Amino acid sequence: MCPTLSEAESKRLLAAHGVPIAPESVVDGPAEAVAAAEQLGFPVVAKLCGDAIAHKTERGLVRLGLGDADAVRRAAEELLAAARPDDGEVGVLVAPMVSGNRELIAGLQRDPQFGMTVMLGVGGILAEALADVAFRLVPIDRTDAHEMVEQLRTQALLGEFRGEPEVDREALVDVLVGLSAAAEATPRLVSADLNPLIVHEGRPVAVDALVELDGTPEGGAA
């Protein structure tokens, strides 16, 4: 199994190449989690965060919609108590509760035959049923990224939807081009997942991220 970066480190790596990430803090304890939430503004989400934690939802390590200090303190206590020895060093990630009726997914995947690919798809509860995705080989430019957006069959989700503005396609292109740039700049990168990519006020925002690296030591041969 390839090593993974923590959610926070995954986001930092991708944000450095232009992928939009919501502001967040990673803290050590309940009191610090409350302070972070008060600074970010309620409601917030709290997650247990660490390099060895790749599947937070399956383990119940995510607390959503925390509306006040008591809820944040209690959530942080529960999350830290749920850490296992094989999780290694952990912290509590506190981030604003980003809302939106539409979810997309985007990411990178190294194909053994063709090399690194960038992917865009419709996310959320209908993702598997729709299987509406587009792929391109890395690197891509903005024209390629626009073509990927146009290739999605479910174009109605990209227009005005349930009182929300249409998706900012230039911002979505920024995500795809940023992923491609991250892949080019990080030879050890095996995969990256932005799931979900919530459309908030028309703009895509990555609220979760997971980057997988190969086992080559930093600076070593691929």
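Analyst: Helix axes are lines fitted to C-alpha atoms over the stretch in contact, and angles run from 0 to 180 degrees between N-to-C directions. The model discussed here is predicted.

User: At what angle do helix α5 and helix α6 pack?

Analyst: Helix α5 spans residues 142-151 and helix α6 spans residues 169-185. Their axes lie 9 Å apart. α5 passes α6 in a right-handed crossing, and the packing angle is about 115°.

User: How many charged residues are in the contact of α5 with α6?

Analyst: The α5 side includes Arg142, His146 and Glu150, and the α6 side includes Arg169, Glu170 and Asp174. By class, this contact of α5 with α6 has seven nonpolar residues and one polar residue, and the number of charged residues is five.

User: Is α2 parallel or oblique to α3?

Analyst: Helix α2 (residues 30-40) and helix α3 (residues 69-81) have axes 8 Å apart and pack at an angle of about 135°. Because of that angle, the arrangement of α2 relative to α3 is oblique.

User: How many nonpolar residues does the contact of α2 with α3 have?

Analyst: α2 passes α3 in a right-handed crossing. Pro30, Ala33, Val34, Ala37 and Glu38 in α2 meet residues of α3 that include Ala69, Val72, Arg73 and Leu80. By class, the contact of α2 with α3 has no polar and three charged residues, and the nonpolar count is eight.

User: Which element gives the largest share of the largest nonpolar core?

Analyst: The largest nonpolar core has 35 residues, and Leu14, Leu108, Leu176, Leu179 and Leu194 have the most contacts inside it. Elements giving two or more residues to this core include α1 (7-15), β5 (102-111), β8 (189-200) and α6. The largest share, seven residues, comes from α6.

User: Is serine 25 buried, partly exposed or exposed?

Analyst: Serine 25 lies in strand β1 (residues 25-27) and touches Ala36, Leu40, Val92, Leu93 and Val94, not counting residues up to four places away in sequence. Buried means under 20% relative accessible area and exposed means over 50%. The value for serine 25 is 24%, so serine 25 is partly exposed.

User: What separates the C-alpha atoms of serine 25 and leucine 40?

Analyst: Leu40 is among the residues that serine 25 touches. The two are 15 residues apart along the chain, and their C-alpha atoms are separated by 8.7 Å.

How values were computed:
Residues are numbered from 1 along each chain as its sequence is written. This is a predicted model: local features need pLDDT of at least 70, side-chain atom pairs count only at pLDDT 80 or more; totals for chains, interfaces and linings use all residues. Side-chain values use heavy atoms; hydrogens and water are left out. Helices (H or I, at least four residues) and strands (E, at least two) are DSSP runs, numbered from the N terminus. A crossing is left-handed if the near helix is turned anticlockwise from the far one by less than a right angle, and right-handed if clockwise. Contact means heavy atoms within 4.5 Å. Ala, Val, Leu, Ile, Met, Phe, Trp, Tyr, Cys and Pro count as nonpolar, Asp, Glu, Lys and Arg as charged, and the others, Gly among them, as polar. Angles under 35 degrees count as roughly parallel, over 145 as roughly antiparallel, 65 to 115 as roughly perpendicular and the rest as oblique. A nonpolar core is a set of buried Ala, Val, Leu, Ile, Met, Phe, Trp, Tyr and Cys residues joined through side-chain atoms within 4.5 Å. Buried means under 20% relative accessible area, exposed over 50%, partly exposed in between (1.4 Å probe, protein chains only).
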